[in-house]
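Please read the numbered points with the model open alongside.

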Amino acid sequence: MSFGAPFPGSAINLVYNTSPALVTTTLPVTFTGVSIGPANATRVVVIATMIGATSDTTGITIGGISATKVAAGQSGSGVISFGDLWAAVVPSGTSANIVLSGSVVGSARVGISSYSIYGTQSATPASVLNGANGNLIGIQVAIGSSCNEDAGAQSWSGVVSDFSSSISGGAGHTFFMSSASKGQVVSSFAVSVTNGGGFCFAGW
């Protein structure tokens, strides 16, 4: 789902690009040739990561450019559900390899969603909610990321689901992963997710 045109200006515009298929893997893992939207000097690429594993990813790169974790949430113990947002200024290219670093015991269940934000050259959000529902303040666009174990599909409010899927966690368990976004937000905006597990929100 796209919101606004990908051109610089006073408005901040958001584009949802893609969500590759969920994978069962180890870390590090590479998602190859992921769409990151039209190139632009003002483009910030945001990657929502959704992970069920013993530990979270420790870093990601977008076409070789290191991203910063700008929002995070986690739930559970042992095998933990993580929903994070990572962002970097990536002015060139229309696709990129997304590499998630880290080390886990056993296998990880991993999903990502790719977003592009235009009209700002800052990877730092104006407002963040880590593992909590509430109000994002002073923003124009919003993104959410969520992963839960066995709680069922997520239900979003204030943002629109862009991606929702599930993957077996083994031993009768299932991880539910979802990302959501909203463009053309006016300043203060209420967002929430039901069955969020590990989840977060960020707004620019």
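1. The structure holds 3 aromatic pairs; rings of Phe, Tyr and Trp (its six-membered ring) pair if their centres lie within 6.5 Å, and planes under 30 degrees apart count as stacked, over 60 as edge-to-face and the rest as tilted. One of these pairs is formed by Tyr16 and Tyr115, a tilted arrangement with 5.3 Å centre to centre and 55° between the planes. Tyr16 belongs to strand β2 (residues 13-18) and Tyr115 to strand β11 (residues 108-118), so the pair ties together parts that are 99 residues apart in sequence. Both Tyr16 and Tyr115 are buried, where buried means under 20% relative accessible area, exposed over 50%, and partly exposed in between (1.4 Å probe, protein chains only). Strands, here and below, are DSSP runs (E, at least two residues), numbered from the N terminus.

2. On the basis of the model: it is predicted, so local features need pLDDT of at least 70 and side-chain atom pairs count only at pLDDT 80 or more, while totals for chains, interfaces and linings use all residues. Residues are numbered from 1 along each chain as its sequence is written, and side-chain values use heavy atoms, with hydrogens and water left out.

3. A further aromatic pair involves Phe199 and Phe201: the ring centres are 6.0 Å apart and the planes stand at 75°, so the pair is edge-to-face. Phe199 counts as buried at 9% relative accessibility, and Phe201 is buried with a relative accessible area of 0%. Together with Trp156, Phe199 and Phe201 form one aromatic cluster.

4. Gly144 is located in strand β14 (residues 142-149) and is buried, its relative accessible area being 0%. Contact means heavy atoms within 4.5 Å. With neighbours within four places in sequence left aside, Gly144 is in contact with Trp156, Ser178, Ser179, Ala180, Cys200 and Phe201. Gly144 and Ser75 are 69 residues apart in sequence and 15 Å apart in space, C-alpha to C-alpha.

5. Ser146 also lies in strand β14 and counts as buried at 0% relative accessibility. What does the side chain of Ser146 make a polar contact with? The partner is the side chain of Gln154, at 3.0 Å. A polar contact is a pair of N or O atoms within 3.5 Å; within protein, one must be able to donate a hydrogen and the other to accept it, and residues adjacent in sequence count only if both atoms are side-chain atoms. Not counting residues up to four places away in sequence, Ser146 touches residues including Met50, Gly83, Trp156, Met177 and Phe199.

6. Strand β17 (residues 173-182) is mostly covered, with 7 of its 10 residues buried. β14 and β17 pair in the antiparallel sense over 8 bridges; two strands pair if DSSP finds at least two bridges between them. In this pairing Cys147 stands opposite Met177. Strand β16 (residues 160-170) pairs with β17 in the antiparallel sense over 9 bridges, and Ile167 stands opposite Phe175. β16 and β17 form a hairpin with 2 residues between them, and Ala171 in the turn has a positive phi of about 55°.

7. An open sheet is formed by 4 strands in the order β4-β10-β6-β7, with antiparallel pairing. Its edge strands, β4 (29-35) and β7 (65-66), each pair on one side only. Strand β6 (residues 59-62) and strand β10 (residues 95-101) are antiparallel over 4 bridges, and Gly59 stands opposite Ser101 in β10.

8. Asp56 is found in the loop between β5 and β6 and counts as buried at 12% relative accessibility. Its side chain makes a polar contact with the side chain of Lys69 (3.2 Å). Leaving aside neighbours within four places in sequence, Asp56 is in contact with Ile51, Lys69, Phe82 and Asp84.

9. A nonpolar core is a set of buried Ala, Val, Leu, Ile, Met, Phe, Trp, Tyr and Cys residues joined through side-chain atoms within 4.5 Å. Of the 25 residues in the largest nonpolar core, Val46, Leu85, Ile117, Ile143 and Trp204 touch the most other members. Strand β5 (residues 44-53) contributes the largest share of this core, 4 residues. Another core, of 24 residues, lies apart from it, with Ile36, Ile60, Phe82 and Ile112 among them. In soluble globular proteins, nonpolar side chains tend to be buried together.
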